[in-house]
Amino acid sequence: MLITDALLQGILMGLLFALVSLGLTVIFGVMDIVNFAHGEFLMIGMYSVYWTNFFFHVDPLIALPVSAVVGVLLGLASYYWFIKYLLRGPAIAQLFGTFGLMLFLQYFAMFLFSADYRMINKGILVGKSLSVGPFIFDWTKLAAGILSLMAFAIVYYLLHRTKTGKALRATALNKEAASYMGIRTDRMNAIAWAIGGGTVGVAGGLLVNFYYAYPMVGILFVMIAFACVALGGFGSIKGVFFAGLLVGVLEMIFPVFGQLIGSDFLGPHFKFTVVYLAYFIIVVVRPQGLFGWKN
Amino acid sequence: MEKLKDALDFSDFSKAERIGLIIFSVFLLVFPWLGTGSFAKTVMIQFLLFSLFGMGWNTIGGYGGQVELGKAQYVGIGAYTVALMMVWWKIPFWISMPAGILIAIGYSFAIGYPLFRLKGHYFAIATICTSLVLKDIFDNWSLVGAAKGVELPIHEHPDFVYMQFKSDTYYYFFIMALFYIGLFYMNWFRKSKLGYQLRMIKDDEDAAESLGIDIRWCKIKAYSIASAFVAVGGGFMAVYNLYIDPASTMELSLSIKIALMAMLGGAASLWGPIIGAAFLVPLDRFLGSWLGGQKGLTGIDFMIYAALIMIVSAYQPRGIWGIIEQFRKRGR
C-alpha cells in the first residue's frame, strides 16, 4: 500500500526527471558536451512562469509556452554567444566553461530576484488533489507528469520522424559522415541547444507549480539529470526516459523502505545519495548505461 | 639523496623563471613584516593553502589529464580526521595530520580502483558523485556533528603540539613550510618516472599501454598523491579555522575551485597552480568584501568571477601560463 503509493508518486516525478534529462542527453549526443548549466536553464524556466503568473495573473499552466520560448532563446543564446567558442578547446575547458555559465546564471538570478524562495500559490490546479480509491494525487504533480510525458513524446516524434530530427540523430552518430552528406554541424548543434533549453524550460514551468524557485535550485536537478543520462547511456533518448522513471521511483521508494524497517539511516535525507550511488555503480559496472550506444 | 637533489634542482627552467622564484620566495619570507593588515595575511594564507590544493590536483588533473572534480572530499577527510581525533582523544596535530593523510590515501585507493575504469565525462561526473555521497553522509551522521560540524577545543595558551596560536603569523609560516614541501615534491614529481608516464597517458593512452605502462595503476597512484596533498591542506584548515562543517569542507564548489585554480593558472606546469591561486584567491576575497557587502548588489561578485571563468575557458584554455608562454615564443 505504502509502496504502491510511493511507486505511483515516483513515476510521476520520474516523468518530469525524464523531461529534465532529455535536453542534456540530446546535447551530449550531438556534440559530446556535458552541460553543467542545464539545471540553471530549469531554474530560469521556473522563474519565467513564476513572474508571468505574478505580474499578469496568468495561470501557471497557460504560462507554460512562455517558459518554453525563454528556454529555447536561452539555449540558442548560450550556444551562439558562448558554447561555440568552447568547442575549439580541450574537453576540460568545455567542462569548466559550462560550469562558469552555471555560476553566472545562478548569481545573475540572485542579483535580479534575490535569494528568496518563491512558490506559486494561486492557479487552477494549485492546492487541489485527486483521490482515486486509496491514493491521493496532487493535481499539480499529476499535470506535471502527464504534460512531461506529452512533451517527451512530441520531441521523440520530432527527432524520429522529421527530416531535421533525422539529421540531428545522424550528426550524433557520426559528425563527420553527416557533414559529408550536407548536414551542417553548426546548425545541428544550435538545434540541439534549442531543444535542450526548450524542454528543460517546460520542465521548469511544470516544476514551479509544486516546488520552490530559488537561484540555487538547479544543482540538485542537474545531478539527478546526470544520473539519469548516465543510467540511460549518454546520448540515448529512449534510455533517458526509462532511467528518469527509475530514478524517480528510487528516490520516492527509498525513504518508504527506511520507514518500514524503522531505520533512521535510510531516511529521506539520503534519497538523493541513493541516486548518486546508483550512478556510480551502474557507470562502473556497465559504462555504456542501460540502453547506451555511444561509448 | 638523488631524489632530494632532483627536488631542489630548478636548473631546467629559464633564467627569468628562476629569478621570479627567488623574488617570490623573498617576498613570502618578508611578507609578515611588511606592515600589512590582518586581512592581507588571511588572503596570503588562503593563497598558499589553495596553491597546495592546486599542486595536488595538478598531478592527476594536469599531468595526468583526468578531469577530477571531487577533491573536496579529501579536504573533508583531512579536516575531519584532525578535528575529531583532537575532540575525542586529544591527539596532537602532528599525529592526527599524518593519520588523515593515511586515511585519505587508503580511501583514494578504494574508490580510485573502480573510478579509473571510467574516462572523460563519465569519470568527471563520477568524481562529483563520490564527493557528494560523502558530504551527504557527513551532513546526516550525528556522531560527527552532522550539518552543525565540529568545533575544536580552544586552548588558552598558544600550543605547538595542537597547533593553536594567537597570531596568524605562525599559521602563515606553517602553511608556507607546507607550500615549499609541496613545491619541491612537485618539482621532483614532474621529473619522476610516474610524471613522464602520466604525460604519456595524457597524450595517447593506447600508445602508453602498448609500451607496457599500467595505465590504471599509474592513474590511481597519481590520484592518491593528489589526495594526500589535499588532505594536508584539510588538516591545516581544521586547526586554522578551529571550526569545520560539511558545507565548508566538502562542498562541490570547493572541488571546482581547486581544479579551476590549477587550470586557470596553467595545468601541467609547476607554476600553474600557484599563478592561478595568486590570481583567483585575492580576486575572490576582494570582490566579496568590496561588492558582496553592498546592498542591492548581492551576487554581482560571483557574476564577475563566473564571467572570468567563461572567458578563460573559451579563449585561453591553457590558462595564464599558456598566455605567458605564447608571448615568450613570439619574443624569440
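Biologist: What share of the 332 residues in chain B is buried?
Modeller: This is a predicted model, in which local features need pLDDT of at least 70 and side-chain atom pairs count only at pLDDT 80 or more, while totals for chains, interfaces and linings use all residues. Residues are numbered from 1 along each chain as its sequence is written, and chains are lettered from A and ligands numbered from 1 in the order in which they are written. A residue is buried if 20 or more other C-beta atoms, placed from the backbone, lie within 10 Å of its own, exposed if 12 or fewer do, and partly exposed in between. By that criterion, the buried share of chain B is 47%.

Biologist: What radius of gyration does chain B have, and why does it agree with a compact globule?
Modeller: The C-alpha trace of chain B spans about 55 × 50 × 45 Å along its principal axes. The radius of gyration is taken over C-alpha atoms, and the globule rule is 2.2 Å times the number of residues to the power 0.38. For 332 residues a compact globule would have a value near 20 Å, and chain B agrees because its radius of gyration is 20 Å.

Biologist: Among contacts in chain B with a separation of 6 or more, what percentage joins residues 24 or more positions apart?
Modeller: Two residues are in contact if their C-beta atoms, placed from the backbone, lie within 7 Å. Chain B holds 15 helices and two strands, these being DSSP runs numbered from the N terminus (helices H or I, at least four residues; strands E, at least two). Of its contacts with a separation of 6 or more, the percentage between residues 24 or more positions apart is 76%.

Biologist: Which helix gives the most to the side of chain B that touches chain A?
Modeller: The contact takes 35 residues from chain A and 32 residues from chain B. On the chain B side, helices H6 (120–140), H12 (252–265) and H14 (300–315) each supply at least two residues. That side divides into 23 nonpolar, seven polar and two charged residues, where Ala, Val, Leu, Ile, Met, Phe, Trp, Tyr, Cys and Pro count as nonpolar, Asp, Glu, Lys and Arg as charged, and the others, Gly among them, as polar. With twelve residues, the helix that gives the most is H6(B).

Biologist: At roughly what angle do the axes of H3 and H8 of chain A cross?
Modeller: Axes are lines fitted to C-alpha atoms, for helices over the stretch in contact, and angles run from 0 to 180 degrees between N-to-C directions. The axes of H3 (residues 64–86) and H8 (residues 185–207) of chain A come within 7 Å and cross at roughly 145°. By class, the contact of H3(A) with H8(A) has 14 nonpolar, eleven polar and no charged residues.

Biologist: Is A:His57 buried or exposed?
Modeller: A:His57 is found in the loop between helix H2 (38–56) and H3 of chain A. Although A:His57 is not a glycine, its phi is positive, at about 55°. Because A:His57 has 10 C-beta neighbours inside 10 Å, it counts as exposed.

Biologist: Where is B:Leu242?
Modeller: B:Leu242 has a positive phi near 60° in a residue other than glycine. B:Leu242 is partly exposed, because 14 other C-beta atoms lie within 10 Å. Its place is in the loop between helix H10 (215–241) and strand E2 (243–244) of chain B.
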